[in-house]
Amino acid sequence: MKFDILDGPSPEAETVLLSSGLGGSAGYWAPQIEALRARFRVVTYDHRGCARTGGAVPEGTTIADMADDVIEVMRASGTPRAHFIGHALGGLMGLDLALREPDRIASLVLINAWSRADAHSGRCFDVRLALLRDTGVEAFLKAQPLFLYPAEWMARNAARLAEEEAHGIAHFQGAGNITRRIAALRAFDVDDRLAEVATPVLIVASRDDMLVPWSRSVRLAEGIPGARLVLEPEGGHALNVTNPARFNRVIGDFFDGLGGDGAV
């Protein structure tokens, strides 16, 4: 597992560990790094099968297997306990760890995540897999922003999207890896165990997320004792990318509420 350690403001700073979604890249968190390093030691990593870590995702891989990769990163980076921020698929890993390894998770931030995938998200994944299978990598990656970003944001960031598409083609994780990772997130179901989550939890979602209905985040907030829900009017699935200033304030307020030595 390939990971990065970014020092915080002092040797005593707590650690925050970031886990991205289906893309699996540590680079997804670029809009958060500077703000988080003002308070935390930051650990980012590339998922198995993705970016620098690379390799094949084995058939039958589960979210628990992916969460075990997080434990491997924590051990290798000298991180016995961390605040965990997960986007979508990354959030599912965080939920799994909060249930199986609660002593490792100081707090949990879930971004457009879910306890059980619903039919709408399943339809979106079916469309994406059909594009990949029947049309190819380029079509799959060209359609990807439609599921991540609001239309108006995409219109203003056409050059950036073209760069992301080119980079995605050059560093594609492979059809097999994508298919197995989607199968894992579709099979994930802890809906009847949410009441067992004992760590402090912040849930952040956007009403215009095309991929994951915001009602999935409401369900998380209803099921997890004491969870805080922030429901943004817009921002799309990747709201921490499309509106990073607002997102960074939201998580900063959450960490302030936990106590400590300053805001993110």
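How are helix 4 and helix 8 oriented to each other? In this predicted model, the two helices pack at an angle of about 170 degrees. Angles over 145 degrees count as roughly antiparallel, and helix 4 and helix 8 are therefore roughly antiparallel to each other.

**Helix 4 and helix 8**
- Helix 4 spans residues 119-134 and helix 8 spans residues 175-187, and their axes are 11 Å apart.
- On the helix 4 side, the residues that meet helix 8 are G122, F125, D126, L129 and L132.
- Helix 8 meets them with A175, I178, T179, I182, L185 and R186.
- By class, the residues of this contact between helix 4 and helix 8 are seven nonpolar, two polar and two charged.

**Helix 1 and helix 11**
- Helix 1 (residues 30-37) packs with helix 11 (residues 244-257) at an angle of about 40 degrees, and the axes lie 10 Å apart.
- That angle makes helix 1 oblique to helix 11.
- The crossing of helix 1 and helix 11 is right-handed.
- Helix 1 contributes P31, Q32, A35 and L36 to the contact, while helix 11 contributes P244, F247, N248, I251 and F255.
- Seven nonpolar and two polar residues make up the contact of helix 1 with helix 11, and no charged residue takes part.

**Helix 5 and helix 7**
- Helix 5 covers residues 137-148 and helix 7 covers residues 158-170; their axes come within 10 Å and cross at roughly 145 degrees.
- This crossing of helix 5 and helix 7 is right-handed.
- The contact involves E138, L141, K142 and P145 from helix 5, together with L161, E165, G168 and I169 from helix 7.
- Four nonpolar residues, one polar residue and three charged residues form the contact of helix 5 with helix 7.

- An open sheet is built from seven strands in the order 1-3-2-4-5-6-7, with mixed pairing.
- Strand 1 (3-6) and strand 7 (228-232) are at the edges, where each has a single partner strand, so one side of each has no neighbour in the sheet.
- From one strand to the next, the twist averages 15 degrees.
- Strand 1 pairs with strand 3 (residues 41-45) in the antiparallel sense, over four bridges.
- D4 stands opposite T44, which belongs to strand 3.

**A helix across the sheet**

**The annotated span**
- An unreviewed UniProt entry carries the annotation "domain: AB hydrolase-1" for residues 15-119.
- In the model, residues 15-119 are 33% helix and 22% strand.

Notes: Residues numbered from 1 in each chain as written. Predicted model: local features only at pLDDT ≥ 70, side-chain atom pairs only at ≥ 80, totals over all residues. Heavy atoms only, no water. Axes fitted to C-alpha atoms, helices over the stretch in contact; angles between N-to-C directions. Parallel < 35°, antiparallel > 145°, perpendicular 65-115°, else oblique. Left-handed = near helix turned anticlockwise from the far one by under 90°. Contact = heavy atoms within 4.5 Å. Nonpolar A, V, L, I, M, F, W, Y, C, P; charged D, E, K, R; others polar. Pairing = 2+ DSSP bridges. UniProt positions renumbered as here; feature names shortened; annotations may be inferred.
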